[in-house]
Amino acid sequence: MAVEVRLAGPLSLVLVLCCVLVTASPSYHGGGKGHKQCVRPEECCRHPRLSRAFTLCCRDHGCCPLTCSHTTPVPIQVEPEECQVGWECCRFRKLTQEYDDCCQRHGCCPSCELVSPGCCYNGEVYGYGVVVEEEEEACVQLVCGARTSPTPPFLTASLVVTRREGEDCEDATDPVCGDTCLPDSCVDETWLARWEGERWQEGKCRQCRCEGGLVRCELDSTISCSPPPQPHCRPVPGPSCCPEYNCSRGCVDPHGVFREDGSEWTSPTAPCFPYYCEAGIITKRQKECEDVTSPPSPQECVQYTPPGECCPKWNCSCVDPHGVLREDGSEWASPVAPCFPYYCEAGIITKRQKECEELTSRQGCVQYTPPGECCPKWNCSGCVDPHGVFREDGSEWTSPTAPCFPYYCEAGIITKRQKECEDVTSPPSPQECVQYTPPGECCPKWNCSCVDPHGVLREDGSEWASPVAPCFPYYCEAGIITKRQKECEELTSRQGCVQYTPPGECCPKWNCSGCVDPHGVFREDGSEWTSPTAPCFPYYCEAGIITKRQKECEDVTSPPSPQECVQYTPPGECCPKWNCSCVDPHGVLREDGSEWASPVAPCFPYYCEAGIITKRQKECEELTSRQGCVQYTPPGECCPKWNCSGCVDPHGVFREDGSEWTSPTAPCFPYYCEAGIITKRQKECEDVTSPPSPQECVQYTPPGECCPKWNCSCVDPHGVLREDGSEWASPVAPCFPYYCEAGIITKRQKECEELTSPPSPQECVQYTPPGECCPKWNCSCVDPHGVLREDGSEWASPVAPCFPYYCEAGIITKRQKECEELTSPPSPQGCDQYTPPGECCPKWNCTVCVDILGEFHDEGSHWVSSVPCHVNICEDGSVVERIVDCPTIPPRPRPNCFQDTPDGECCPRWNCSGCVDSDGMFRPRGEVWQTSECIKHECRNTGIHTTKEDCKLPTQPHPNCHLTKQPYSCCPAWNCSTVGCIDSEGKIHEEGSTWPASTQCFTLICKNAKINTVRVACEDLARPQLSQGCHQVTKVGECCPSWLCQKCVDEDGVTHEVGDVWLPDPCTRLQCKKDGEVRKSRRVCPQAPSDPTCTQTFLRGECCPKWICTSVGPSTISSANLGSCVDQEGQERRVGEEWSQPGESCQVYHCERGGFVFSFNKCPPSFLRTMLRM
């Protein structure tokens, strides 16, 4: 039957109602089938409510008691003829509070199987009270409501046209038919449909009526409520029909929010300036923060300011025994001990037992503890499965090992039924379709994947596009690739916005802030970017305008260190840099400034500093005493820590509280950690005096264990020892295996299962594997590439080794491979995790060794041991020490040769190259030594060669210079101390002059004819005021730190991002800099014209006045050119130009865009001026 509802005017909805009996719906759960007469349901009260016995009793009596109190319970009728008045309860879901209240109100509960669970509209079912469709312009909506009827089934679903609520619909009328088109029905809060003008009582306090398609409720006219006691009192809903009044005084903030008298609140953008409500007046004061210069704990504390707060705090995090970082104040627990959580408090980890609230008794409820939790809870609806997991009533779940037999929770009872699968015998497409069953599911599916023109496998239903054609995506549908044009939504116009299309996307978007470069790329306002071909000319996006300026580079002519430094310009950058990296003995590249340590020597870390590797002992902070705590050093670390829970054994190993362990040499005396104390007790063993069998039984104790066991093995006719319980067979008689049972050998015939039909009709052959007894089916598979795969085989694609294919009974399936967790490496040193090519799971690679000094050595390498005449060899990741075998020394090759054992070697050799000086000392060939300041000797192939240094003095550089001879030098040198200083390159510097040193952060000063090296002194930087997120950093190429801030706060408490520019007045320009300071620029106005007939006029929004001169006729002289600046003398300056005023040698002025002038100090730091005056 079809019901058509038409509305006049522009709104014309055609509603087709599917009047069918719906037995199931996603929004509702149906009741049982078959009904009995309700007889004495109160007898079921002897069973706990929601128990299985209670449910079975209700079925036997045909109904359940509504309550089980001392009074006679109200029976719940199930026959529709006996509960006609309660049919309206069918619009509620069973076992809900609304359903129970409705049954209680009518005195019975109906059977709702014949009642539709909702309205059928366009082939879909909508539950009661659901808005099916809206017509915004006409302000009406289609709602599914329930109407009562005097005939069965007494409750019908009805689609009702009601008025839509909202500010835009308060005075809305249809433009064609006016008020005559208003809806004639409403749907109340209980989803019942009401006719226009109908009145009804809702609860105890309100009377409601249907008026103009809306439900309007008001206080019952028979109830009289007292007026507010004072005019400023506000009504507050209370438990009774009449409201209660809040008569406390307070304030109303600018947002209309009421604030209690004495309350305090802040704005999200200015947390340091809270508001206060005092005697009805709102005031604003700056917040004072406590001093937090020193952290509460020396462990891992960082100072930070929480978002939305004003004052900084200390964050003292913790690191648990598993190396996981825990936030200060956090709480966590082990999955196996949820009742003993850990707490991180000021950097210290504590462990306390969790206290659970005592649960008071509840009738019809069952206590259970959810997995991973500590405290029990009440389960008053739903089910608890055998694993203790709580299941909602009406829920469905499956076991991972039996997905075809799901469990159902129905009215507190768990049932199990077999799942029915749809027929999938024929694939949807003949192309590349493979039938498979997904892991954890029951029913098979078709996987019809596609292979694109580039050979890439695409999953069925996937979508992809070419980077050069994003508007024409490809689709894989049932093994077929299709290509369709993408449809973009039409963008409505937006004032001040520009359309752009992001790279790699198809549809345009609106850009309402920032810039769009010539390539169509969106740039944030204040951002900076460069072209790959011109990195020295960056672009800037400022107030929607793109500008281009040349980048200035710092001077990097001399390297910071002469060691391994190379000047280079990183790709895509403009300015050159110095790269002074290091290469450790294992060939690993270490960045400049990096730090690393050997796993076996963590207290002696290595440092890469300007290309030089140094090794220094690590300094550990002294731990102050803590009561009840024990010091211990975690493995792989250098500095000790406090352990305030658990124990530390004599070997320094940390033990959890409650743990048990044994020594390998004393397994019968285990240790126990209890409340931080280690105890040792003897283990008790069971009595094993008599063997279980008199045949060949031997008592033994397994290695590493304490208690003895019986081993009753057997010896077969061939003299082979067989373990107790083992099974074996002769190769020539696999169907008659032998069994070793308590020392006795027995022989029995093996029973084979009968093979009826093959598991799959595809390529199945019956065969008996060699050495086995029972036949099997061999059902091979053919993969999509036409390769034959044996039954039970496994293979994977080279590009996806973690998703192997399996041939099982002729069917190919694809599952994700599970990898075993790698716990500890086979060797504690020199092992790295890696995944071999073409494989999925990682492995340990232990192809290096670590010696006692923490040095790494490659597999097969050898090096000299600290023991004389011994050599160390790296074999299979372990260091093996062997004695050096010295070969037999041959006869003396020449008369002048002699035996010599070089330093660091063990075996002697003939030394036929070298010299013996006049003192009888052996000199290797090439060695140079001196016998006086001017005489040098060198050992060559021809003997000792002696040279005398010839002093050649340069001309006198200055008349006041005189010759002097330094100790240990041969030739004299000119001393020009009276004229200044001479540097290492021979340059003369005047007295009092300064020049930069070759080492960064140092300056050279000539004072009293001596060169003094002075380190650049950094001034103490005061923390920027009115800034947020500030920390000190030292930039590359600079010596002194500067402040780097995330935000600035102006004088009005408004927060600005770094790079933001704002104008507090037309003459002032402010910008938030990275150092947290607010940079201030002022606009200078030109001087007044000399014409006395000129008068000035100020315009709104401008800084400088305009001059109107009448001497040569009415004319206006503009006083400001935003493309340039005006200095103090009235001279025009270009953008980017710098100048100084007479008498201000240190102050420099800079012209910026917009006509603003910025000034800065260019003089050297105060410490240099002080040094020069000394």
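Which residue stands opposite T1068 of strand β101? The structure examined here is a predicted model, in which local features need pLDDT of at least 70 and side-chain atom pairs count only at pLDDT 80 or more, while totals for chains, interfaces and linings use all residues. Residues are numbered from 1 along each chain as its sequence is written, and side-chain values use heavy atoms, with hydrogens and water left out.

The residue that stands opposite T1068 in β101 is D1065. Helices (H or I, at least four residues) and strands (E, at least two) are taken as DSSP runs and numbered from the N terminus, and two strands are said to pair if DSSP finds at least two bridges between them. Strand β100, which covers residues 1061-1065, runs antiparallel to β101 and is joined to it by three bridges; with two residues between them, β100 and β101 form a hairpin. Strand β101 also pairs with strand β102 (residues 1078-1083), again in the antiparallel sense, over five bridges, and within β102 the bridge partner of T1068 is R1082.

Strand β101, spanning residues 1068-1072, is mostly covered, since five of its five residues are buried. Here buried means under 20% relative accessible area, as against over 50% for exposed and values in between for partly exposed, with a 1.4 Å probe and protein chains only. The side chains of T1068, L1070 and C1072 point one way from β101, whereas R1069 and Q1071 point the other way, and all are buried.

Strands of a sheet pair through backbone hydrogen bonds, either parallel or antiparallel. An open sheet is formed by three strands in the order β78-β79-β80, with antiparallel pairing. Because β78 (862-864) and β80 (878-883) stand at the edges, each with a single partner strand, one side of each is left without a neighbour in the sheet. The twist averages 30° from one strand to the next, where axes are lines fitted to C-alpha atoms, for helices over the stretch in contact, and angles run from 0 to 180 degrees between N-to-C directions. Strand β79 (residues 870-875) runs antiparallel to β80 and is joined to it by six bridges, and the bridge partner of C874 in β80 is V879.

Another open sheet consists of three strands in the order β57-β58-β59, and its pairing is antiparallel. Its edge strands, β57 (660-663) and β59 (677-680), each pair on one side only, and the twist averages 30° from one strand to the next. Three bridges connect β57 with the antiparallel strand β58 (residues 666-674), in which Y671 is the bridge partner of W661.
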